Amino acid sequence: MFGKLISLTIGYLFGCFLTAEPVARKYAGKGASEIGDTGNPGMANIMENLGFVPGMITLAGDLGKTVVAGLISYGLFRESGWIVTLYSGLGCTIGHDFPFWRKFRGGKGVATTSMAIVFYAFLSGLAANIAGMLVVFATKYLCIGGPVIPLCFLLLMIIRGDREAAVLAGVFTALSVYAHGRAILDIREGKTKKTDVIGAILKRGERG
């Protein structure tokens, strides 16, 4: 248990590094909290307001910090197995969502969650991410796709009989529902913005 708690802590510290902050300052000369309507330090907000390249850099950084935290945790506590990477991934998501230096106001943790589950169980994590993407493509609501990813992973872990991973997946799901809850509730009132991901990709392809 000690190794798992330390892995969670390692993940939290890495998660507190919000890639969107240095990216926003480089491309806009101001902090991520001043970007767009939401000030969300995540890939979607950065890409929407600063462009494709800044958005991809932000995504790469958020995925990368999850991988590095997982590798360090596994290197330190190899005897505990790969489950420590899921603990560090959970910590990374908590740190991303609630960074201490930003008054615990961070992002939504989609990238860190997505990477954490793929790192732990590649095929199941990949399947869960694909399911989340398909939901976003179908509904055009990013806020729905976010919770779908860890929820699908939770179901797959239950089927696989991996109880500990299923419990952690439940925590990932709860965090995602908390992060996206307001936007999901606002869908009925038409206040939540739709995002045509496929359309945006096609438009970028035409420009290229």
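**Figure 1. Buried residues of helix 6 in the predicted model.** Ala111, Thr112, Thr113, Ser114, Met115, Ala116, Ile117, Val118 and Tyr120 are the residues of helix 6 that are buried. The structure shown is a predicted model. With nine of its eleven residues buried, helix 6 is mostly covered.

**Figure 2. The protein chain as a whole.** The protein chain has ten helices and zero strands, and its pattern along the sequence is α-α-α-α-α-α-α-α-α-α. The radius of gyration is 17 Å, close to the 17 Å that the globule rule gives for 208 residues, so the protein chain is as compact as a globular protein of that length. The C-alpha trace spans about 50 × 35 × 35 Å along its principal axes. Of the 208 residues, 46% count as buried. Where contacts join residues at least 6 apart in sequence, 64% of them are between residues at least 24 apart.

**Figure 3. Surface and charged side chains.** The side chains include 21 positive and 13 negative ones. The centres of these two sets lie 2 Å apart.

**Figure 4. The largest nonpolar core.** This core has 24 residues. Ile83, Leu86, Ile117, Tyr120, Phe153 and Met157 are the residues with the most contacts inside it. At least two residues of the core come from each of helix 5 (83-97), helix 6 (110-120), helix 8 (142-160) and helix 9 (163-185). Helix 9 supplies the largest share, six residues. Two of the residues with the most contacts inside the core, Ile117 and Tyr120, are also among the buried residues of helix 6.

**Figure 5. Surroundings of Phe153, and a separate core.** Phe153 is one of the residues with the most contacts inside the largest nonpolar core. Beyond residues up to four places away in sequence, Phe153 touches Leu86, Ile117, Tyr120, Ala121, Ser124, Gly125, Ala128 and Ala169. Another core lies apart from the largest one and has six residues, including Ala20, Ala32, Ile35 and Ile46.

**Figure 6. Ile10 in helix 1.** Ile10 belongs to helix 1 (residues 2-15). The relative accessibility of Ile10 is 14%, below the 20% limit for a buried residue, so Ile10 counts as buried. Apart from neighbours within four places in sequence, Ile10 is in contact with Ala69, Ile72, Ser73 and Leu76. Ile10 and Gly89 are 79 residues apart in sequence, and their C-alpha atoms are 9.2 Å apart in space.

Figure 7. The loop between helix 1 and helix 2 (20-28) holds Cys16. Cys16 counts as buried, at 5% relative accessibility. With neighbours within four places in sequence left aside, the contacts of Cys16 are Gly95, His96, Pro99, Phe100 and Trp101. Cys16 and Phe104 are 88 residues apart along the chain, with 9.3 Å between their C-alpha atoms.

Figure 8. Lys103 is not a glycine, although its phi is positive, about 60°. Phe104, also a residue other than glycine, has a positive phi near 65°. Lys103 counts as exposed because its relative accessibility of 69% is over 50%. Phe104 has a relative accessible area of 49%, under that limit, and is therefore partly exposed.

**Figure 9. Asp186 in the loop between helix 9 and helix 10.** Asp186 is placed in the loop that runs between helix 9 and helix 10 (197-207). The relative accessible area of Asp186 is 15%, so Asp186 is buried under the 20% limit. Leaving out neighbours within four places in sequence, Asp186 is in contact with Lys191 and Thr192.

Notes. Residues numbered from 1 in each chain as written. Predicted model: local features only at pLDDT ≥ 70, side-chain atom pairs only at ≥ 80, totals over all residues. Heavy atoms only, no water. Helix = DSSP H or I, 4+ residues; strand = E, 2+ residues; numbered from the N terminus. Rg over C-alpha atoms; globule rule 2.2 N^0.38 Å. Buried < 20%, exposed > 50% of the residue type's maximum accessible area, 1.4 Å probe, protein only. Contact = heavy atoms within 4.5 Å. Lys, Arg positive; Asp, Glu negative; His and termini not counted. Charge placed at Lys NZ, Arg CZ, Asp CG, Glu CD. Core = buried A, V, L, I, M, F, W, Y, C linked by side-chain atoms within 4.5 Å.
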